[in-house]
Amino acid sequence: MKIAVEGCCHGELDKIYETIEYLEQKEGVKVDLLVCCGDFQAVRNEGDMKCMAVPAKYRTMQTFYKYYSGEKKAPVLTIFIGGNHEASNHLQELPYGGWVAPNIYYLGYAGVVRYRGIRIGGLSGIFKSRDYRKGHHEFPPYNPETLRSVYHIRNIEVFKLKQIQMPIDIFMSHDWPRGIYYYGSTEELLRKKKFLRQEVESNTLGSPAAEELLAHLQPSYWFSAHLHVKFAAIMQHPPKGNAAPRVTKFLSLDKCLPYREFLQIVDIPERPGSSEGLEYDPEWLAILKATNTLQRTTPHPWNPPENNGLHERWDFRASEAAMMQVVEDLSGDLAVPDNFSATAPSYDPNKPHPQATPSYNTNPQTTELCAKLGLTDLYAQAEQRRDDVGRAQGSTGGEEEEDDEDGDSVGSADEPSEYPTDTSGLSSSFNPDEITIEDEWEEVEGEEEEEEELKAEVTGEELSNAKAGEIHTPSRLVLPEPKCGVSPTPLPDLANLPPPSHSTPAAAHTQSRVESAVLGSGDDEDVPAARILKRTSNESGNAGSRGPTPRIKRRNQVIYAAVEDDECEG
């Protein structure tokens, strides 16, 4: 099964699907699934744009609305997680996941599904220590604080994911697991993103929560985005008991912009006899049911139960009986129902409505799933809490007591947080929780002359000759030797990767010792030659003809120049 992996989507669905179509025609293959690693921007209308944490002048409709309205349909099943530039009011309707448009599925705050037997999990948002222990209390209309806190990861979601026992094939997070940069070409990363050096050297770059999940889940693949750079790594985990050590192949991708490496193909074998469609995962649904009473919609800090004598229950792993009960709750049918329904009006380019207010509605998909499994609709509960607080304030004239800035509040004062609530001392120049991509817009200043054309670059090997399970690694990115705290075992499959290719001609490339060890000298006749796929703006041929390289109009190059924002995030 060929899976296309996209970095930051930024609402550019038309361009992404056209790139996939070009790749399919060029290579004579069929992409079965697209996974997007955040900043998807499922913006339905002008009101949704006001719920997206970007400067107002960079709020652009992009193309998702076409798929939401039914004007277009996604040509390939698309699964995505949320990032830190999202229409949060829309995604909050689906805390447990659901369809945001036909054939486009959101995994929720956290989620696991199955497609053709492949288990795909994900965690939406980015890590921010001050909000990590809070409940999902945000509800539109957002204020400047909740506009950002709404997409911050919560410990309850990490706790749920840590109950998983069965192997995960693919996992997605928007920000990187902390420390993953030590398992790849760190110097190459720092050459591209020089301002990350201090965080890398102090090991404060990335998410400690994702780092914890990486160690627990040990998926075969982990895909991320957020830093707008392509980076590959291989991490060999310490063995658990007598089991052989597992290996995770990590890949982070760029965003959909000219000359950027934003799309990659991964070839993963299907499970024999598996269903053809998207399915719920019984273990995950059993975990959701078991942890439902732990969920909160208040801003007060909370720590998950531990085996410390203070909690009646701390183990919420799914038993076989619990999983069978889930199957019974769903009447034996694990297929995700094709039950998308629009909950807000779609943008009409012929009738713009710039003064539209954000909509907030419960979603029938969530209502249906909650009714079947006995779950709480967090969005509806947050709305009820907001109404109750409003009535209380109206009758007393007071205001609800909020947490202080460091997150210390009643209820958990005697229980320390899993992570520091104040990380300001970790870095004197950059916030380690939400990385400032300060050079992002300098990188594209030299591309002004191509303002009307998109040259999307997709690099990869010959898919038909590739071995199943290999990441196709293009120019200047290599899969390094696996590193771990134990003596690594030989990994013969990883030694047969093709030599690196280049998107710019006549650029001398000297292989590092790590590259030579993993990629070899490049003289192996059994290794297929790498192929470069490009879109260029100087096609020849008659207008309107479909040549080998399609033309795509560029709509916006500088979408989110967050340098003007107080909390500039990637």
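Where is asparagine 203 found? Asparagine 203 sits in the loop between helix 8 (197-201) and helix 9; helices here are DSSP runs of H or I with at least four residues, strands are E runs of at least two, and both are numbered from the N terminus.

## Before we dig in

This is a predicted model, where local features need pLDDT of at least 70, side-chain atom pairs count only at pLDDT 80 or more, and totals for chains, interfaces and linings use all residues. Residues are numbered from 1 along each chain as its sequence is written, and side-chain values use heavy atoms, with hydrogens and water left out.

Let's start with an open sheet of seven strands, in the order 10-11-9-8-7-6-13 and with mixed pairing. (Two strands pair if DSSP finds at least two bridges between them.) Its edge strands are strand 10 (231-236) and strand 13 (278-280), each pairing on one side only. On average, neighbouring strands of this sheet are turned by 25 degrees against each other, direction ignored. For angles like this, axes are lines fitted to C-alpha atoms, for helices over the stretch in contact, and the angles run from 0 to 180 degrees between N-to-C directions.

Zoom in on strand 7 (residues 118-123) and strand 8: they run parallel and are joined by four bridges. Leucine 123, for instance, has serine 173 in strand 8 as its bridge partner. Helix 9 (residues 208-217) lies across strand 7, strand 8, strand 9 (221-224), strand 10 and strand 11 (247-252), and it runs at about 160 degrees to strand 9.

## Rings that meet

A pair of aromatic rings is described by the distance of the centres and the angle of the planes. Rings of Phe, Tyr and Trp (its six-membered ring) pair if their centres lie within 6.5 Å; planes under 30 degrees apart are stacked, over 60 edge-to-face, and the rest tilted. The structure holds 18 aromatic pairs. Tryptophan 99 and tyrosine 105 form an edge-to-face one, with 5.1 Å centre to centre and 80 degrees between the planes.

Are those two buried or exposed? Tryptophan 99 counts as buried because its relative accessibility is 7%, and tyrosine 105 is buried too, at 3%. (Buried means under 20% relative accessible area, exposed over 50%, and partly exposed in between, with a 1.4 Å probe and protein chains only.) Elsewhere, Phe40, Phe64, Tyr68, Phe80, Tyr106 and Phe340 form one aromatic cluster.

Most residues other than glycine have a negative phi, and most peptide bonds are trans. Asparagine 203 has a positive phi, near 55 degrees, and counts as partly exposed because its relative accessibility is 26%. Histidine 228 also isn't a glycine, yet its phi is positive at about 55 degrees. You'll find histidine 228 in the loop between strand 9 and strand 10, and it counts as buried at 3% relative accessibility.

Then there's the cis peptide bond joining proline 140 and proline 141, with omega about 0 degrees. Proline 141 is in the loop between strand 7 and helix 5 (146-149).

Leaving aside neighbours within four places in sequence, histidine 137 is in contact (heavy atoms within 4.5 Å) with residues including Thr146, Arg154 and Arg385.

Proline 167 lies in the loop between helix 6 (155-161) and strand 8 (170-173). Proline 167 and serine 220 are 53 residues apart in sequence and 8.5 Å apart in space, C-alpha to C-alpha.
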